Amino acid sequence: MKPFRIEIPQADLDDLAGRLAATRWIEHDVVIDGLDTVVDEACYRAMDWLIEVAPELSRTVYDNVADLLNLEVDLLFFDTTSTYFELDEPDQPVDRDEHGALTNNNGNIDSQDTVKAAGFRTYGKSKDSRPDLPQVVIGMAVTRNGIPVRCWCWPGNTSDSALIRQVKDDMRDWSLGRVVWVADRGFTSAENRRYLQRAGGHYILGEKLRGDSDEAKAALARQGRYKTVAGNLQVKEVNLTKDDLADDRFVICFNPEAAQRDATIRQRMLTQLDEAIAGSDKLSKDKRAELRGVISTKPGLKRYLRITPGGLLRIDKAAIERETNLDGKFLLRCSDPKLSSEDIALGYKQLLEVERGWRDMKQIIDLRPVYHRREERIRAHVLLCWLALLLIRIAETTIGQTWSTMRDELQRLHLGTFTGPAGTFRQRTEITPAQRKILAALTLDEPRRVHEATPAPR
């Protein structure tokens, strides 16, 4: 018989590795009563069921969490991230509705309006600095206490500009009361602002300082004194008239430590740029153009490069002056007339809770890598990661400790197997006072001392 070779795609190998790791973890690393072993097909069936009930699950989870923690959802933070896939080619485009969900044409989600065709894992603006790989976009809404109340998943080429409108619609029927939406600069379009103000809603949005925004230019041109609100954060509210094209309130925030850091980084980049263009006057025109092309691929250096009418490369002193004026500053736009400038600044600063959620999902919960290929399984994977993050935040809020501290303590609880003349039994280690305190705070029963007892055969 002639030898032969079977080629297995890397994606299939990765999928197999992910499944085996999950089933081994359930079988050998944890103890779940009534679940001594599990097969990957059962896990997949559970994921398929989970994604079918995702809307009802999200609402039920919120209702229970809000009641458990007595949440006041006056500020709701929203942000997006992306996660990439090790693929050679993106998914084939299929018809989708305005929310990025599959339409009737594909036999899945009901929808009347098809906006465009797009693959789920496809190329887009990567937030992981991997534009060379297909990705999906993930959104999350978080309360001021850091509790993630819901998550979403869209095709990888979906832009941030329209996502927050879908998020507001999806949560419209929830009993949220008065809501102020907080989001970063990617969501500050005029259409988004009008949409968020429907039904008495309000927003706090980051505004781009660099660019052609008339409002930003007018706000920065206003004089005024800063006042310290918390730590090293200083704020100054500026009033723009109708002639300045704005009805909103604008708050300029200034962080002296961030300003010093920005100045240090700029000086480092100017030193690099000066070294790069040193002696370029002696180069030929073509060589200077080539050097200019190399510098243009580095945004930090390109910002301070100036080309003279004669084609010479110089450092742009006007650009340095403009950037110096922006050191340590960020601009906020708010529609709520009742919030103080301090509350606006501190509310926006809490957007870091969403960033912390993304970091924990990627580094602790292992959002990436994703071993699934089918769209509904990828969506279920993201949903499971959100539920895991929700449990982590509830535990942290209830106990007042970080998840890493609680995990390190509880991981010291082991189950040992002992064999003797009378037979074999499995017994857990003694529960420490710290472990008992965590279990009591979370109202969890202590694991029983003896799990199995098998007499020796006569």
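Start by selecting Phe78, Trp152, Trp154 and Phe187: ring pairs link these four into a cluster. The model is a predicted one. Across the whole structure, a search finds six aromatic pairs.

**Stop 1: Phe78 and Phe187.** Now colour by secondary structure. Phe78 belongs to strand E1, residues 75-84. Phe187 sits in the loop between strand E6 (180-183) and helix H5 (190-196). The pair therefore ties together parts that are 109 residues apart in sequence.

**Stop 2: Phe418 and Phe425.** Select these two next. They form an aromatic pair with 5.3 Å from centre to centre. The angle between the planes is 25°, and the pair is stacked. Keep the surface on. Phe418 has 42% relative accessibility, so it counts as partly exposed.

**Stop 3: arginines over rings.** Which ring does Arg121 lie over? Select Arg121 and Phe85: the arginine lies over the face of Phe85, 5.4 Å from the ring centre. Then move to Arg130 and Tyr84. Here Arg130 lies over the face of Tyr84, at 5.4 Å from the ring centre.

**Last view.** Return to the cluster of Phe78, Trp152, Trp154 and Phe187, and follow the ring pairs that link its members.

Conventions:
Residues are numbered from 1 along each chain as its sequence is written. This is a predicted model: local features need pLDDT of at least 70, side-chain atom pairs count only at pLDDT 80 or more; totals for chains, interfaces and linings use all residues. Side-chain values use heavy atoms; hydrogens and water are left out. Rings of Phe, Tyr and Trp (its six-membered ring) pair if their centres lie within 6.5 Å; planes under 30 degrees apart count as stacked, over 60 as edge-to-face and the rest as tilted. Helices (H or I, at least four residues) and strands (E, at least two) are DSSP runs, numbered from the N terminus. Buried means under 20% relative accessible area, exposed over 50%, partly exposed in between (1.4 Å probe, protein chains only). A charge sits over a ring if NZ of Lys or CZ of Arg is within 6 Å of the ring centre and within 35 degrees of the ring normal.
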